[in-house]
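Please look over this model with me. My notes follow as numbered points, starting with charged pairs and moving on to the sheets.

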Amino acid sequence: METTALISISCADQRGLVASLAGRLFDLGCNLGDTSFAVLGEGAQFTSLCTLPEGLAVSELETDLARLPELSGAELSVRQFELEPLHGPSASVTHRIIVDGGDRPGLIARLTEVFVQFDANIVRMNSERTPSKQGFRYLTRFAVSIPEGREKACLATVGNTAGELNMTCSWEVS
């Protein structure tokens, strides 16, 4: 029986981090599944579902990864993933949405509440807060699964909500 592990790493950002991790996992015979990497301030977050080769225990993988020089001082967790590693229907991305504008408290809450109203599922979300002449710019990208027949109303409501927050909104069908 295959073992799927969830690898979570938080550490200082540095060049070559993903290459080092991916290379070591490959050398160990691991197969990467869903994987994400993000720079968060001066830090970095790497998360991956990984199929382990027969004979490699989750604890051994964690010990091996902890030896990588790039992970010195990192918060590292490797544990068995108990859920199905393949996406269900609500993880099929139907639309990609970009909301851009000035930063303000609560904007993610307001935007994501819209998806709940339309039974849409956020498959991926990425937000960046960067300095601008007016203070801070906040750019959010959503990959969402919107149920058939609800797309137009959902997208219109997201656009209206973004407008109320003085932000721009654009989307494309995936």
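1. Start with the charges. Across the whole structure, a search turns up 6 salt bridges. A salt bridge here is a side-chain nitrogen of Lys or Arg within 4 Å of a carboxyl oxygen of Asp or Glu. Keep the source in mind: this is a predicted model, where local features need pLDDT of at least 70, side-chain atom pairs count only at pLDDT 80 or more, and totals for chains, interfaces and linings use all residues. Residues are numbered from 1 along each chain as its sequence is written, and side-chain values use heavy atoms, with hydrogens and water left out.

2. Take R137 and D100. They form a salt bridge, with the closest N and O atoms 2.8 Å apart. R137 sits in strand β7 and D100 in strand β5, so the pair ties together parts that are 37 residues apart in sequence. Strands (E, at least two residues) and helices (H or I, at least four) are DSSP runs, numbered from the N terminus. The cut-offs are under 20% relative accessible area for buried, over 50% for exposed, and partly exposed in between (1.4 Å probe, protein chains only).

3. Next, R129 and D103. Their side chains meet in a salt bridge, at 2.6 Å from N to O. This pair links distant parts of the chain: R129 is in strand β6, D103 is in the loop between β5 and α3, and they are 26 residues apart. R129 is partly exposed, with a relative accessible area of 48%. D103 is also partly exposed, at 30%.

4. Then D119 and R150. Here the side chains meet in a salt bridge of 2.9 Å, N to O. D119 is exposed, with a relative accessible area of 55%. R150 is partly exposed, at 29%.

5. Now the sheet that holds β5 and β7. This open sheet has 4 strands in the order β6-β7-β5-β8, with antiparallel pairing. Two strands pair if DSSP finds at least two bridges between them. The edge strands are β6 (121–132) and β8 (167–173), and each pairs on one side only. From one strand to the next, the twist averages 15 degrees. Angles run from 0 to 180 degrees between N-to-C directions, and axes are lines fitted to C-alpha atoms, for helices over the stretch in contact.

6. Look inside that sheet. Strand β5 (residues 95–102) and strand β7 (residues 135–145) pair in the antiparallel sense over 8 bridges. Which residue stands opposite R137 in β7? The answer is G102.

7. Helix α3 (residues 107–117) lies across β5, β6, β7 and β8, and runs at about 20 degrees to β7. Helix α4 (residues 151–164) lies across β5 and β8, at about 160 degrees to β8.

8. On to the other strand order. Here 4 strands form an open sheet, β2-β3-β1-β4, and the pairing is antiparallel. β2 and β4 (75–80) stand at the edges with a single partner strand each, so one side of each is left without a neighbour in the sheet. The twist averages 10 degrees from one strand to the next. Helix α2 (residues 58–66) packs on the sheet and touches β1, β3 and β4, where contact means heavy atoms within 4.5 Å. The direction of α2 makes about 160 degrees with that of β4.

9. Antiparallel strands β1 (residues 3–12) and β3 (residues 43–52) are joined by 10 bridges. T3 has L52 as its bridge partner in β3, and A12 has G43. How many of the 10 residues of β3 are buried? The count is 7, so to speak "mostly covered".

10. Finish with β2. It runs antiparallel to β3, joined by 8 bridges. L40 has G43 as its bridge partner in β3. In the hairpin of β2 and β3, 2 residues lie between the strands, and G41 takes a positive phi near 60 degrees.
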